[in-house]
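Welcome, and thanks for taking a look. Please keep the sequence and the model open side by side as you read.

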Amino acid sequence: DMKVLPDMLERKGISWKYYANADAWMNALQAVRHVRSGPMWRKVQPPETFLRDVRRGELPAVSWLIPPEGHPNEHPGSNTNVCVGENWTTEYVNAVMRSEFWPNTAIVIVWDDFGGFYDHLEPPHYDILGLGPRTPALIISPWTKRGDNPDGGSIDKTVYEFSSVLRFIENLHGLKPMTERDRRADPLSGAFDFTQEPRLDPLIIPPRDCPSA
């Protein structure tokens with residue numbers, strides 16, 4: 001049992017949901033005793049509920065979206081298909097972009113490991129947990145900094161870590177850092193420009209035709 005960000009959101013009256021299958025090993029909140037056995041568990045709902053909440057205009061202020069097992073989680077091997085996982089993510093991102101929530105939303109897509117590929121940069125060593133080799137991250141919002149790419153995107157070279165997402169949420173909602181790790185994490189400062197006019201015309205990505213797995 002341990003304190004988690006949903007505890008702090010609850011105390012501040014900030015809406016949240018954790019969209020993940022209850023019996024999936026990737027559902028981290030099922031491992032936290034007071035969440036799994038308490039009233040907050042009703043806010044842990046299947047991933048497809050996210051699309052319903054977007055359509056109904058009921059998306060909470062903070063959401064976690066965890067793909068189900070199999071193709072959507074993009075793990076290579078075991079007859080999975082990364083293309084199917086890409087299409088799953090595209091469907092959910094497109095739903096937000098087409099919704100009333102798009103003007104005020106930041107989407108952060110992260111992968112939980114680096115895939116075992118070589119990284120020529122030695123990571124900083126903050127504590128016993130790392131950092132480790134770099135992992136991909138996509139930050140999608142009308143408020144991201146404009147770049148030179150044809151779609152207006154940019155590459156952010158700021159050093160982030162997974163706690164950077166936590167710190168961003170804490171800053172956004174006036175919450176105190178939970179640990180020294182998120183206290184020192186950069187809150188995605190290089191990704192956004194809140195002084196610019198938001199880019200409200202979304203870049204809708206069509207699904208790809210996937211080869212059979």
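## Ground rules

This is a predicted model, in which local features need pLDDT of at least 70 and side-chain atom pairs count only at pLDDT 80 or more, while totals for chains, interfaces and linings use all residues. Residues are numbered from 1 along each chain as its sequence is written, and side-chain values use heavy atoms, with hydrogens and water left out.

## Two nonpolar cores

A nonpolar core here is a set of buried Ala, Val, Leu, Ile, Met, Phe, Trp, Tyr and Cys residues joined through side-chain atoms within 4.5 Å. Buried means under 20% relative accessible area, exposed over 50%, and partly exposed in between (1.4 Å probe, protein chains only). Helices (H or I, at least four residues) and strands (E, at least two) are DSSP runs, numbered from the N terminus.

The largest core has 20 residues, and L5, L9, W16, Y18, L29 and V35 touch the most other members. Two or more of its residues come from each of α1 (5-12) and β1 (16-19), and α1 gives the largest share, with 3 residues. Leaving aside neighbours within four places in sequence, L9 is in contact (heavy atoms within 4.5 Å) with I14, W16, V62, W64 and L175. A second, separate core of 14 residues includes V54, Y92, V93 and V96.

Helix α4 (residues 82-97) has 16 residues and reaches 23 Å from its first C-alpha to its last. That is close to the 22 Å expected at 1.5 Å a residue, where the expected span is 1.5 Å times one less than the number of residues. Among the buried residues of α4 are W88, Y92, V93 and V96, and what covers the buried residues includes α3 (49-55), β3 (62-65), β4 (107-110) and β5 (137-140). At the start of α4, a side-chain oxygen of N81 reaches to within 3.0 Å of the backbone nitrogen of C83.

In helix α5 (residues 162-172), the buried residues are S163, S164, R167, F168, I169 and E170. The buried residues of α5 pack against α1, β3 and α6 (180-184). Just after α5, G174 takes a positive phi of about 70°.

## A buried aspartate

Is D53 buried or exposed? D53, placed in helix α3, is buried because its relative accessible area is 0%. The side chain of D53 makes a polar contact with the side chain of Y19 at 2.7 Å. (A polar contact is a pair of N or O atoms within 3.5 Å; within protein, one must be able to donate a hydrogen and the other to accept it, and residues adjacent in sequence count only if both atoms are side-chain atoms.) Not counting residues up to four places away in sequence, D53 also touches K17, Q45, E58, L59 and F101, among others.

## Aromatic rings

Rings of Phe, Tyr and Trp (its six-membered ring) pair if their centres lie within 6.5 Å; planes under 30 degrees apart count as stacked, over 60 as edge-to-face and the rest as tilted. By this rule the count comes to 8 aromatic pairs. Y19 and F50 are edge-to-face, at 5.2 Å centre to centre and 85° between the planes. Because Y19 lies in strand β1 and F50 in helix α3, their pair ties together parts that are 31 residues apart in sequence. Ring pairs also link Y19, F50, W88 and Y92 into a cluster.
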